[in-house]
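Please read the following report alongside the sequence and the model.

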Amino acid sequence: MTHLSTPSSATAADEASAYSKPRIVLHWLSAAVILWATFSGFGVALLEANDPFRQWVESINPQLTTLFIPFFAWRLWLAVTTRAQRARSNAHERFASVAHKAIYAAVSGVLITGVLMMSHPVMLLALVPLPQLVHSKAALLELHELHHVLCAILAGLVALHLAAVVMHQARGKSVLGRMR
């Protein structure tokens with residue numbers, strides 16, 4: 001007996017298998033780190049510079065995001081090497097592809113500027129010294145400003161991403177099902 005699949009069930013099967021387990025885990029790890037760093041980073045900017053919580057966040061976030069870099073690099077590698085090379089058939093798919101590429105670019109920019117804008121050496125987990133790479137005060141100021149702009153862009157892209165998830169869910173196309 002031959003089983004004929006309908007186009008909708010074939011599409012659902014393709015969508016369900018679109019992401020490997022490592023890509024799914026790395027997606028949720030990325031989401032947690034990005035959301036924490038975004039909300040805590042922008043949130044502590046409202047506090048006084050000597051506030052203990054602000055000082056704690058400003059000491060933990062560079063460590064957390066530095067530890068995140070290899071996981072993000074792995075995620076980026078998997079996305080580049082496993083992304084389906086099919087043509088995007090409609091405007092929504094093309095827009096989603098551009099938006100995902102923009103998120104990867106923004107995260108890359110935030111991580112790179114974050115490392116470069118360190119104004120003093122940092123001891124990662126009290127074990128690994130991370131040197132200050134840029135020493136020019138003018139360059140550090142420009143990197144700091146660029147970092148904040150990229151963080152704001154990333155926050156906007158994440159908001160757009162979350163809105164798309166809600167829109168798809170409301171239309172009955174469970175993208176969250178693909179990410180479990």
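## A buried aromatic pair

F72 and Y104 are both buried, a term that stands for under 20% relative accessible area, with exposed meaning over 50% and partly exposed the range in between (1.4 Å probe, protein chains only). This is a predicted model, in which local features need pLDDT of at least 70 and side-chain atom pairs count only at pLDDT 80 or more, while totals for chains, interfaces and linings use all residues. Residues are numbered from 1 along each chain as its sequence is written, and side-chain values use heavy atoms, with hydrogens and water left out.

## Aromatic pairs

The structure contains 4 aromatic pairs, where rings of Phe, Tyr and Trp (its six-membered ring) pair if their centres lie within 6.5 Å, and where planes under 30 degrees apart count as stacked, over 60 as edge-to-face and the rest as tilted. One of these pairs joins W36 and W56, whose ring centres are 6.2 Å apart and whose planes stand at 75°, so the pair is edge-to-face. Because W36 belongs to helix α2 (residues 21–44) and W56 to helix α3 (residues 52–82), this pair ties together parts that are 20 residues apart in sequence. W36 counts as partly exposed at 34% relative accessibility, and W56 likewise counts as partly exposed, at 43%.

The aromatic pair of F72 and Y104 is tilted, with 6.1 Å from centre to centre and 40° between the planes. This pair links distant parts of the chain, since F72 sits in helix α3 and Y104 in helix α4 (residues 91–116), 32 residues apart.

## Ring cluster and surface patch

Ring pairs also link W36, F53 and W56 into a cluster. Helix α3 gives the most to the nonpolar patch, with 4 residues.

## Salt bridge

A search of the whole structure finds 1 salt bridge, defined as a side-chain nitrogen of Lys or Arg within 4 Å of a carboxyl oxygen of Asp or Glu. The partners are E58 and R54, and their closest N and O atoms are 2.8 Å apart. Because E58 and R54 are 4 residues apart in helix α3, about one helical turn separates them. E58 is partly exposed, with a relative accessible area of 42%, whereas R54 is buried, with a relative accessible area of 18%.

## Two buried polar side chains

H147 is placed in helix α5 (residues 137–170) and counts as buried at 13% relative accessibility. The side chain of H147 makes a polar contact with the side chain of T113 at 2.8 Å; such a contact is a pair of N or O atoms within 3.5 Å, of which, within protein, one must be able to donate a hydrogen and the other to accept it, and residues adjacent in sequence count only if both atoms are side-chain atoms. Neighbours within four places in sequence aside, H147 is in contact (heavy atoms within 4.5 Å) with V110, T113, G114 and M117.

Q132 lies in the loop between β2 (128–130) and α5 and is buried, with a relative accessible area of 15%. A polar atom of the Q132 side chain lies 2.7 Å from the backbone oxygen of V134. With neighbours within four places in sequence again left aside, Q132 is in contact with M118, S119, H120, P121 and L140.

## Backbone and overall layout

Most residues other than glycine have a negative phi. L125, however, has a phi near 55°, a positive value, and A126 has a positive phi of about 60° although it is not a glycine.

Along the sequence the pattern is α-α-α-α-β-β-α-α. Of the 180 residues, 28% count as buried.
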